[in-house]
Amino acid sequence: MFFSDYDQLIALDKKHIWHPFTQMLDWCSSDPLIITEGKGCYIKDINGRWYLDGVSSLWVNIHGHRVKEINDAIKDQLDKIAHSTLLGLCGETSILLSERICQFLNSTLCPDNPSLNKVFFSDNGSTAVEVGLKMAFQYWRNIGQTNKNQFISLNNAYHGDTLGAVSVGGIDLFHSTFGALLFKTHKSPSPYCYRCELGLNKDTCNMTCLDKMEEIIAAHSDTIAGIIIEPLVQAAGGMIVAPSGFLSGVRSLCTKYNTLLIVDEVATGFGRTGKMFACEHEGVVPDIICLSKGITGGYLPLAVTVARDFIYEAFLGSTNEFKTFFHGHSYTGNPLACAAALACLDIFKRDNTIEELAPKIEILDLWLEKISIFPHVGNSRHAGLMAGIELVINKETKEPYPYEQKMGYQVTDNLRSRGVILRPLGNVIVIMPPLSISQDELTTMLELIETSIIEVTGA
Ligand SMILES: *Cc1c(COP(=O)(O)O)cnc(C)c1O
């Protein structure tokens with residue numbers, strides 16, 4: 001450390017750092033925390049105060065901070081080599097990790113027909129999605145069906161911030177500015193029952209949103225290369241939880257109309273929804289699956305796009321057939337990140353992480369039920385330990401708080417003074433703690449959130 005002084009460092013931050021998803025004018029007149037340390041589910045700021053990390057450092061942390069086994073795995077790897085390339089060479093840790101990931105995927109999603117076997121490495125969720133889209137697109141070309149060059153994506157979808165990922169995104173606030181740069185996709189309705197865009201009621205609609213998707217695909221089936229979705233939860237769209245049967249319905253449509261299912265489990269993967277992968281809830285086997293965030297336990301940037309065997313096989317041919325997948329990144333298969341991921345996956349087994357979630361999910365479920373009667377809680381929803389509380393100005397009419405009021409931030413700012421870090425999505429309070437959070441820690445955090453909601457919304 002060259003500086004230990006908060007004022008000096010924060011001045012430098014404001015002078016040189018352009019923060020993501022941030023109006024810097026607001027930032028520069030605020031007093032942000034400088035985080036210097038973490039332990040378990042807590043992070044510490046430079047002034048020595050500890051906070052509960054209620055959104056897992058933006059949805060990535062799984063087993064807590066400074067986990068001995070993951071630390072040691074990275075240190076051991078560092079004493080061997082920090083990085084070499086997968087272009088023309090192999091790496092020990094990427095080989096071992098690819099096998100481990102396939103074991104996890106096949107044993108949970110398709111034990112009878114283990115077909116998810118081909119792992120393509122990259123380093124963040126957006127690139128995992130780019131890889132998935134390009135793979136699907138080229139798959140059809142390689143088998144001679146060059147008309148299949150379009151995708152169906154969903155309203156309210158979020159798949160990352162690179163241009164391909166933005167093209168299949170569906171959040172106007174983030175994405176509409178870049179419209180002129182994007183490729184066109186067919187947009188299917190979001191399974192957002194609280195604000196159904198078809199104006200229907202969840203109890204009686206029979207998932208008409210799936211019928212709409214079928215209309216699109218039926219009208220364009222010879223041109224649709226794939227459907228990309230966030231299974232079970234549209235996360236950045238506002239923790240929108242799809243009704244049960246929606247995901248398996250999309251899988252059936254892909255099969256019926258001979259198109260590929262690309263699932264983006266960047267947010268939902270690695271236990272967040274209460275199972276290892278969200279697809280497991282509905283017995284869905286994707287053709288391509290994108291994984292990142294939790295894969296290293298929140299330690300280092302790493303992503304994989306895993307394809308079923310038949311997709312990979314379509315890329316095999318002699319050099320002059322040009323079936324090669326021409327894609328790659330400088331840090332592909334980074335050994336330190338792979339070592340962290342291997343240690344992270346070991347802990348899932350050792351600690352029975354998934355089984356241990358059940359009582360925590362129960363606590364969250366009961367609490368969400370309880371606060372759903374609050375006058376400004378329009379809707380509360382969750383899948384596993386991913387939860388969203390949608391605040392509204394008027395519960396009867398579902399009228400949202402105006403954007404400028406920053407109601408979400410009012411609540412999370414209030415919580416910060418109580419020692420909890422959350423980051424909202426508009427009017428939706430997001431709760432997504434590390435899976436390792438104890439029942440006591442979770443209960444304490446929920447009580448504090450409740451207090452802040454009452455104080456800020458005045459109810
Ligand atoms: C976060 C996220 C991404 C993008 O991942 P980055 O690592 O931020 O590029 C993609 N898809 C989903 C579902 C996500 O939640």
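Predicted model: local features only at pLDDT ≥ 70, side-chain atom pairs only at ≥ 80, totals over all residues.

Leaving aside residues up to four places away in sequence, Trp-59 touches Ala-235, Ala-236, Met-239, Ala-267, Arg-272, Lys-293, Leu-425, Val-430 and Met-432.

The largest nonpolar core has 104 residues, and within it Trp-59 and Ile-389 touch the most other members. The element that gives the most to this core is helix α12, residues 335-350, with 11 residues. Both domain 1 (33-62 + 354-457) and domain 2 (76-350) give residues to the core, so the core lies between them.

The domain assignment of the protein chain gives domain 1 as 33-62 + 354-457 and domain 2 as 76-350. Their C-alpha centres are 27 Å apart. Where the domains meet, 31 residues of domain 1 are in contact with 26 residues of domain 2.

Return to helix α12 and its packing against helix α5, residues 92-109. The angle between these helices is about 35 degrees, and their axes lie 9 Å apart. The crossing of α5 and α12 is left-handed. On the α5 side, the residues that meet α12 are Thr-93, Ser-94, Leu-96, Leu-97, Arg-100, Ile-101 and Phe-104. Their partners in α12 include Pro-335, Cys-338, Leu-342, Leu-345 and Phe-348. Sorted by class, this contact has 11 nonpolar, 2 polar and 3 charged residues.

How values were computed: Residues numbered from 1 in each chain as written. Heavy atoms only, no water. Core = buried A, V, L, I, M, F, W, Y, C linked by side-chain atoms within 4.5 Å. Buried < 20%, exposed > 50% of the residue type's maximum accessible area, 1.4 Å probe, protein only. Helix = DSSP H or I, 4+ residues; strand = E, 2+ residues; numbered from the N terminus. Domains from an automatic or database assignment. Contact = heavy atoms within 4.5 Å. Axes fitted to C-alpha atoms, helices over the stretch in contact; angles between N-to-C directions. Left-handed = near helix turned anticlockwise from the far one by under 90°. Nonpolar A, V, L, I, M, F, W, Y, C, P; charged D, E, K, R; others polar.
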